[in-house]
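Here's a quick tour of the fold, from the packing around a helix out to the loops and a pocket. Have the viewer open and follow along.

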Amino acid sequence: QLRGGKSINKAGYIRINSVERYEHALVMEKHLGRPLRKFESCHHKNGIRSDNRIENLELWATHQKPGQRVSDLVSFVVKNYPQETLKALGH
């Protein structure tokens, strides 16, 4: 149980208990100014399901398969682990 009436499930998604919805979907709906349609889903670019910043979310027209887009994962590592990235490149 998290503060503010939130909980986190075993898969790592944050749930807003008062409305029984996932936080990432609510963040995307607020950004779009409308509810998600039945065929839409919200994807976490960096693979961290509790990172619900709008810049980490993208709208998908269908449900995505489990996994992480390689380009998104590489960008996340380069941005968030610059020293480790340089070491891995031999610098």
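H1 itself covers residues 23-32, and its buried residues are Glu 23, His 24, Ala 25, Met 28 and Glu 29. "Buried" here means under 20% relative accessible area, "exposed" means over 50%, and "partly exposed" is in between (1.4 Å probe, protein chains only). Helices (H or I, at least four residues) and strands (E, at least two) are DSSP runs, numbered from the N terminus. After H1 comes Gly 33, with a positive phi near 75°.

A word on the ground rules: this is a predicted model, with local features needing pLDDT of at least 70 and side-chain atom pairs counted only at pLDDT 80 or more, while totals for chains, interfaces and linings use all residues. Residues are numbered from 1 along each chain as its sequence is written, and side-chain values use heavy atoms, with hydrogens and water left out.

## The three-stranded sheet

E1, E2 and E3 make an open antiparallel sheet in the order E1-E2-E3. E1 and E3 are the edge strands, each pairing on one side only. Strands count as paired if DSSP finds at least two bridges between them; E1 and E2 run antiparallel and have three. In that pairing, Ile 8 has Ile 14 of E2 as its bridge partner.

Ser 7 sits in E1 and is buried, at 16% relative accessible area. Its side chain makes a polar contact of 3.0 Å with the side chain of Asn 17. A polar contact is a pair of N or O atoms within 3.5 Å; within protein, one must be able to donate a hydrogen and the other to accept it, and residues adjacent in sequence count only if both atoms are side-chain atoms.

## Loops around the sheet

Look at Tyr 13 in the loop between E1 and E2. With a relative accessibility of 22%, Tyr 13 is partly exposed. Setting aside residues up to four places away in sequence, Tyr 13 touches Ser 7, Ile 8, Tyr 22, His 24, His 44 and Arg 49, where contact means heavy atoms within 4.5 Å. Arg 49 is 36 residues away along the chain, yet the two C-alpha atoms are separated by 5.2 Å. The side chains of Tyr 13 and Arg 49 also make a polar contact (3.3 Å).

Over in the loop between E2 and E3 is Glu 20, which counts as exposed because its relative accessibility is 58%. Its phi is positive, near 50°, and Glu 20 is not a glycine. Most residues other than glycine have a negative phi.

## The E4 and E5 pair

E4 and E5 pair in the antiparallel sense over four bridges, with His 43 standing opposite Glu 58 in E5. Which way do the residues of E4 point? Ser 41 and His 43 go one way, Cys 42 and His 44 the other, and all are buried.

Thr 62 lies in the loop between E5 and helix H2 (70-80) and is exposed, at 51% relative accessibility. Leaving aside neighbours within four places in sequence, Thr 62 is in contact with Phe 39 and Ser 41. Thr 62 and Ser 41 are 21 residues apart in sequence and 6.2 Å apart, C-alpha to C-alpha.

Asn 56 is in the loop between E4 and E5. Is Asn 56 buried or exposed? At 3% relative accessibility, Asn 56 counts as buried. Not counting residues up to four places away in sequence, its contacts are His 43, His 44, Lys 45, Asn 46, Ile 48 and Asp 51.

Asn 56 is also one of the residues lining the second largest pocket, along with others including Lys 45, Asn 46, Asp 51, Arg 53, Phe 76 and Lys 79. The lining divides into one nonpolar, four polar and six charged residues; Ala, Val, Leu, Ile, Met, Phe, Trp, Tyr, Cys and Pro count as nonpolar, Asp, Glu, Lys and Arg as charged, and the others, Gly among them, as polar. On a 1 Å grid over the protein atoms alone, a pocket is an open set of points where a 1.4 Å probe fits, with protein on both sides within 12 Å along at least five of seven lines, and lining residues have an atom within 4 Å of a point.
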